[in-house]
Amino acid sequence: MGSYVPSTPAERQEMLNAIGMKDYRDLYHDVPQSMILNRALDIPSGMSELEVGRAVASLAEKNKRFSTILRGAGAYDHYIPSIVKYIPAKEEFLTAYTPYQAEISQGVLQSIFEYQTMICELTGMDVSNASVYDGATAAGEAAAMCKDRKRTVTLISAAAHPDVINTVRTYCYGSGTELRVVPVKNGKTDPDALREMLVDEVASFYLQQPNFFGQLEDAEAIGKLVHEAGAMYIMGCNPIALAIMKTPRDCGADIAVGEGQPLGMPLSYGGPYLGYMTTTTKHMRRLPGRIVGETVDSKGQRAYVLSLQAREQHIRREKASSNICSNQALCALTAGAYMAAMGPRGMAEAARQSMAKAHYLADGLCRIPGVSLKHEGPFFNEFVTVLPCGDKALEALESAGILGGLPVEGGLLWCATEKVSKAELDRSVQIVKEVLAK
Amino acid sequence: MNYPVDLKYSKSHEWVKMDGDVAVIGISDFAQNALGDVVFVNLPQDGDSVSAGESFGDVESVKTVSDLISPVSGTICQVNEALLDAPEKLNQDAYGAWIMKVKNLDGEEELLDAAAYEAFCAQEG
Amino acid sequence: MKLIFEKSVPGRGCSLLPACDVEETSLPENLRRATAPALPEMSETDISRHYTELCHNTYGVNCGFYPLGSCTMKYNPRIDEEMAALPGFTGVHPLAPAHATMGCQEVLNLTKKYLCEITGMDDMTFQPAAGAHGEFTGVLLIKQYHDARGDAKRKKIIVPDSAHGTNPATAAMCGFEVVNIASSPDGCVDLEALKAALNDETAGLMLTNPNTVGVFDENILEITHLVHEAGGLCYYDGANLNAIMGVVRPGDMGFDCIHVNLHKTFATPHGGGGPGAGAVGCKGFLAKFLPQSASMQGDGHIQVRGFAGNFLVVVKALTYLMTLGREGIPEAAQNAVLNANYLMQKIRNTFQPAFDRTCMHEFVLNLEQLKKDTGVSALDVAKSLIDYGMHPPTMYFPLIVHEALMLEPTETESKDTLDWVAEVFRKLYELAHEDPEFMRAAPHNARIGRPDEVRAARNPVLRWRNV
């Protein structure tokens, strides 16, 4: 069996003797005897490192590997620079706790401060927190930030990711806030419906950009509608798109959040990911989660600390607006290293190539008789096709090691990133064409 | 510790000064001392109504937060927004750094005069 | 240390992407970004050295003793990292068809099976990403349970005053009114206070056992019975499961739902604050209320995060569970408790334990007397420990002990280390009496001295700006 207890049996006995006990059972004398588990756990015996390595690797092998991924829908297969993988693997970053003790945590604190700055740069917003669990929880926390005694209704676009809608619904269920979903028209949020739904009780509206169907919303005009109704405007933005797309700040957002996974995190069956969360100076003190701030130490040197802590649960207890007391520090570190490695030009290049390749794929697919785009509006790197025999096409693609578009209502939602080559796209189109020709 | 005689005090450590029919409200020297360095004040909004004995905001120090309890009932007619940028004024000049002014007064908590309040603070330690 | 932005040189960069091999497209003009984000421009050498410098100014479990009470800073095995980095896991799209993700599903199912056996629960979700997030999920199970029965009166959650701050914050986030009840002097539930708080408005009780002062509440069966009798449910905060895994099961104590911190008890690393995983287990009658992902499984359930949670963290925990197995799990718990009691015994002739009895996996020191005698506070002792190359214990928690230091050595520390730690505490006790001023200025050998937290909070500087 495996064990990470360093003390030898002789040492353990010596320690037991030192505290006046005969054996381990004495340590649990406060536990009512009737409750003690008087049997071995019904799980397998422990294993050596070599054996366990084999066993877990055999589980990984049960997954099918796709060499080409043309599916996004909230999880994007961007290129991850090699250096980015080595940084969060450094043992000190990996094994440290939340940096409560600033004197011996300046490294991780500075990495978060740098992450906050980069996210502010990307979004154009004033203040970023140290990150939250993922994009969906960031949306839930953002909605919770906005409600007050008079404004108790939250609005969300039906063109947001289904997991985001469902998570926000759950956060609203918890806090007793009503969630109303604004319908979609032609693949985009229906502005007329939104205008009607923006009643006095509405605290906030959440818009995803680009939206779940890949369409680019007219985010600035929608922001004006929201503000005219006196509500807060929350935008959920793809961070890669932000390298070239109008910032949420310039679209009038009060809060900008999003899924940070595209910033250097692998797909990993859904996690760990990263929720970024930003706001304006005006709403800074309502922002939940950890925030790192700059100060000086007792000798006047620049130093970083966890700041604005009086917002948080360990001080406010039941009066805190959120119970979050951690961030995804290692993922924030990854995102920081990713943005540093890519730099402003590399980020923009990844965004432009993703967009170009998605358009190339869309053109190729739409040249196949019977295939068309479901929505006509501009898109970034995702789009929906109307395509007969979608299941057969996906099967044929899968046998060639290609993960095709995601079946969504009445079509397939495709995605391309800078990682796929023209040759892979041509091959994918050819396979679909052959299926449909049959 | 300083207990000006021209003020009234609540047991939750706010002071009240009457200025005509307007009540000016702040926190006492004893309160600011107990809180330590004040880093932020969550202020109410002009025009909000307040009730005696109920919270109208809070003051934050680095590691604590304390509710501000209104000693009177009425309508807020002014808040001291200078405190948003300079919360340290509550530490430096507790009786100069008023927090809010309340008009249309229609009720108050039991208020103590300076001597009674000083005795009360002595008990609280 | 310079910030990464201060090391940036315009024109530098890494060569990462090939030229675009398809025709370029561009965004409509009204959707284009006005100016490029001011991200750093760095060579790969610059980046590597920058993060290595940050790494050298970060203290991890790999650096030395890390007795952070209630955080279970045990050693994080590297095989767990290696398994989580397998391309067969990292390359899996969460919305790939189910038949292509059999390995991932088996990881989740096996981990669920093992953890249900360890906790005495029937079902489990891995969607919550942290302990607090698990609490949120667990309390929502309680809320749905009462809602489904149409029992609208139950609006109150009982929380002992010794609880972690997350407990009341969670209950409030779930729309419940928090009823704080006083603890008995040893941090256990005061049965009379509990009885007085229970009524037909009680939705449930949130409890940590062993409790937040490291004591096993011996009345636990009566406590859960009383709550059930009043129609409420019992939530187990798994913060302290490391003391009892394989020895006693929360399910057998009468709890209905529970969260388990994989990043504490099951050895997955904390990563400087996350990612963790707050798996939530429950008894069968609550299973239908567990969260699901709308995009993976469809609508109709609550959902607390996108997709299936922090999957790779579950891979790490499973690797750990398979390594320890049925023998290693209780062995870890027993040695965590042994190490804590041994260290308490070695320290007690100088620093006073707040509760003079056998502890579980952690114990609290009460430094009130030391502060009275010397002026040296718990904070000063904590900061002085840094100069000896160890991480300070948890300070000023639980709130019911003033001048508290809470130590949790965990099972992965050796007797030698504990003997050395006791020696350091003895030296500091003497130093506190000889040179208290020196301790009040500690640490002396760290990268920085004590930071000015008041300045940070009064004048928030939360991002770098080029001035």
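Visitor: Which domains is chain C divided into?
Guide: Chain C has domain 1 (1–17 + 35–54), domain 2 (78–322) and domain 3 (332–440). These bounds come from an automatic or database domain assignment. Residues are numbered from 1 along each chain as its sequence is written, while chains are lettered from A and ligands numbered from 1 in the order in which they are written. Please keep in mind that this is a predicted model, in which local features need pLDDT of at least 70, side-chain atom pairs count only at pLDDT 80 or more, and totals for chains, interfaces and linings use all residues.

Visitor: How many residues does the contact take from domain 2 and from domain 3 of chain C?
Guide: Domain 2 of chain C gives 18 residues and domain 3 of chain C gives 15. Two residues are in contact if their C-beta atoms, placed from the backbone, lie within 7 Å. On the domain 2 side there are eight nonpolar, eight polar and two charged residues. Here Ala, Val, Leu, Ile, Met, Phe, Trp, Tyr, Cys and Pro count as nonpolar, Asp, Glu, Lys and Arg as charged, and the others, Gly among them, as polar. The centres of domain 2 and domain 3 of chain C, taken over C-alpha atoms, are 30 Å apart.

Visitor: What percentage of chain C counts as buried?
Guide: Of its 467 residues, 63% do. A residue is buried if 20 or more other C-beta atoms lie within 10 Å of its own, exposed if 12 or fewer, and partly exposed in between, with C-beta atoms placed from the backbone. In chain B, buried residues make up 40% of the 125 residues.

Visitor: Why is chain B called as compact as a globular protein of that length?
Guide: Chain B has four helices and nine strands, in the order β-β-β-α-β-β-β-β-β-α-α-β-α from the N terminus. The radius of gyration of chain B is 13 Å, close to the 14 Å of the globule rule for 125 residues, so the description holds. Its C-alpha atoms fill a box of roughly 35 × 35 × 20 Å along the principal axes.

Visitor: What makes β4 and β7 of chain B edge strands?
Guide: Three strands of chain B form an open, antiparallel sheet in the order β4-β6-β7. Strands β4 (38–42) and β7 (65–69) each pair on one side only. Two strands pair if DSSP finds at least two bridges between them; β6 (residues 55–61) and β7(B) have five, so they count as a pair. In β7(B), I69(B) is the bridge partner of S55(B).

Visitor: How many residues of chain C are in contact with chain B, and how many with chain A?
Guide: Four residues of chain C touch six residues of chain B, with two nonpolar, no polar and two charged on the chain C side. Between chains A and C, 167 residues of chain A are in contact with 165 of chain C. Helix α12 (residues 329–366) gives the most to the chain A side, with 23 residues.

Definitions and conventions: Helix = DSSP H or I, 4+ residues; strand = E, 2+ residues; numbered from the N terminus. Rg over C-alpha atoms; globule rule 2.2 N^0.38 Å.
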